[in-house]
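Open your viewer and get ready to select side chains. This tour goes from ring to ring.

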Amino acid sequence: MRDRAADQRKCGDDRPPAGGWRERPQPARILGLQRQAGNAAVSALFGSQAAPLQVQRNVGVELEESNWQVTDSAGGKVGKGTPLVYRTYFQLQAEDNGARESNIELVTNPPGVVDVAEWRQMKAAMRLLIGQLADQPAGRRFHTTELPGGVPGYWLTPPGGGGFHPDLQVTVGVPLRAVPHFYDLLAGGAQPIADVRPVDTALVRRMAGRKASPELLGFITLIQSYLAATPAGDDPLYSISFLKGLTKVLARTDFAAMFALLPDDDRKVILGDLSGWVHTMMDMSATAIVERRRQVLRGDEQPPQPDPRQMATSPLFNAVVHDRRSGIAPRMLTTSRGQWLLAMTQGADLSSAAGKLRWASMLKAPDENLSDEDVPELVDRMKTDPATLAARLRAWRERTNVDNQQLAKREWPVPDVSPTEAARRTAVLGRDVVDLDGNELPPRTRRDPDLARTYHELTDLFEGLGALGGRTDTVRYTGSRGRRKDEGSVILEIRSPTGDDKWAAMDNVFDAAMQAIAATAPKRRPAEFVLTGTGRQLRDDVRRAHRLALERTEASKREKGDDT
């Protein structure tokens, strides 16, 4: 049995545990105590046992209702993210729905709440607004200023059947070391992830020459979840409305930033043998594919073993993006698995728009991030074969009867950058994007009439993937002698958690994140919440906007009263 007294002495604290505890409390118990008594009481109870684990919480929620519509005062579409109603911990915002319509969603803003008490308060405030929306007569168009905190100039229309029935996403910050345990907890309830298997530690040991660090295992877990999102090799292509819909856990922090969070020794091992890194990831992915195929076979029949080298040149997302509402013709991203795995070690995540733009800039003017001059050549060798892909796409078209033309007419807004910059971005982003004939999108000049269409097609294609770039959450480990160590945490979006009760699903994800953080913390320290200066500034800015919105609402009501 482990000597807990020895553990305490190693931490420089040979006092007996406070409160008579003879063993460390489990994370679930800590969470329960926090909910009942709050952070201060829990810290006091466990304070002399171990210094607390401090977490800058960025737990956010999106509740999207695609049956409600919002228009501006002229009856037109409202831009995504436009605030419609301000509340203390969140906003009601506009959300895109195809070419001509805008829907609504409740979004935590600023990006996250800080502690359990605020989590409860945010949920209660969201319930209140949802109740106010659900009480509106079905199909009756009404002005946003009829709701407390409503912003003048917008009109909301409930569906004909009334009610409010949103889809849920929850965003959390989790350290890499906690990711495998977080996935286990999700798979056990909040979000079954059937295609993600435990990391093959033997393969990682063979690559690294030693036992893998917890951070490396967490990084590989996220990579394998992306590789398992779509079939590789000769498996059939299939259709999806959005690339970000392919994975149940979406990485908002990009993979290049995650690689930078790894310990120095892990990064040196990977950079020292990039081909070995790619082949190890493909071997691991091939093993998972065989296991999934074996589950659907009968008797002694054995599934074929995929060729890892062929898998490395297979598209990372082996699916056609085909959203009938958007007015965008079917497209496919051909960036290969091998290219993605290599470029992320150099500072560019090729699954995100920003990462592709960064990679192009690095190749044009090589910087210190390129580990050696052979890396671009190695990435280029792992490019998806155009002829093979074109043949597969033609076969897929015949099987599915999907048209390669635009499905709806659309008025494309002016790009949010200069024409020159829009042309540059479309040229870079369009290189690995093909239509159903396997043809890459043609480049556009700054005066090309199709520039706006192509620019928005491509930015919509990559929407959400690694969208936060290098931004991370923070976990602060505080030793018994007061020494602090801040560790970056990757920001993950849990898409459509399971369960009909959205509020219980929110709690399931929140609890899974908290338990994973506490369970993988050094010495299993209890968690305490902190608010950084940046978080405080964000909060102050949003609350100021909230107060202004309330003042505008009251002023608008007074003006209407004067008119009558």
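Which residue's charged end sits over the ring of Trp-155? Select Arg-141: its charged end is 4.2 Å from the centre of that ring. A charge counts as over a ring if NZ of Lys or CZ of Arg is within 6 Å of the ring centre and within 35 degrees of the ring normal.

A word on the model. It is predicted, so local features need pLDDT of at least 70 and side-chain atom pairs pLDDT 80 or more, while totals for chains, interfaces and linings use all residues. Residues are numbered from 1 along each chain as its sequence is written, and side-chain values use heavy atoms, without hydrogens and water.

Now the aromatic pairs. The whole structure has 10. Rings of Phe, Tyr and Trp (its six-membered ring) pair if their centres lie within 6.5 Å; planes under 30 degrees apart are stacked, over 60 edge-to-face, the rest tilted.

Select Trp-68 and Phe-142. This pair is edge-to-face, with 6.2 Å between centres and 90° between planes. Trp-68 lies in the loop between strands E2 (60–65) and E3 (69–72), and Phe-142 in strand E7 (residues 142–143), so the pair ties together parts 74 residues apart in sequence. Strands are DSSP runs (E, at least two residues) and helices likewise (H or I, at least four), numbered from the N terminus.

Is Trp-68 buried or exposed? Buried, at 0% relative accessible area. Buried means under 20%, exposed over 50%, partly exposed in between (1.4 Å probe, protein chains only). Phe-142 is buried too, at 0%.

Next, select Phe-219 and Phe-259. Their centres are 6.3 Å apart and their planes at 55°, so the pair is tilted. Phe-219 is in helix H7 (residues 214–227) and Phe-259 in helix H8 (residues 255–261), 40 residues apart.
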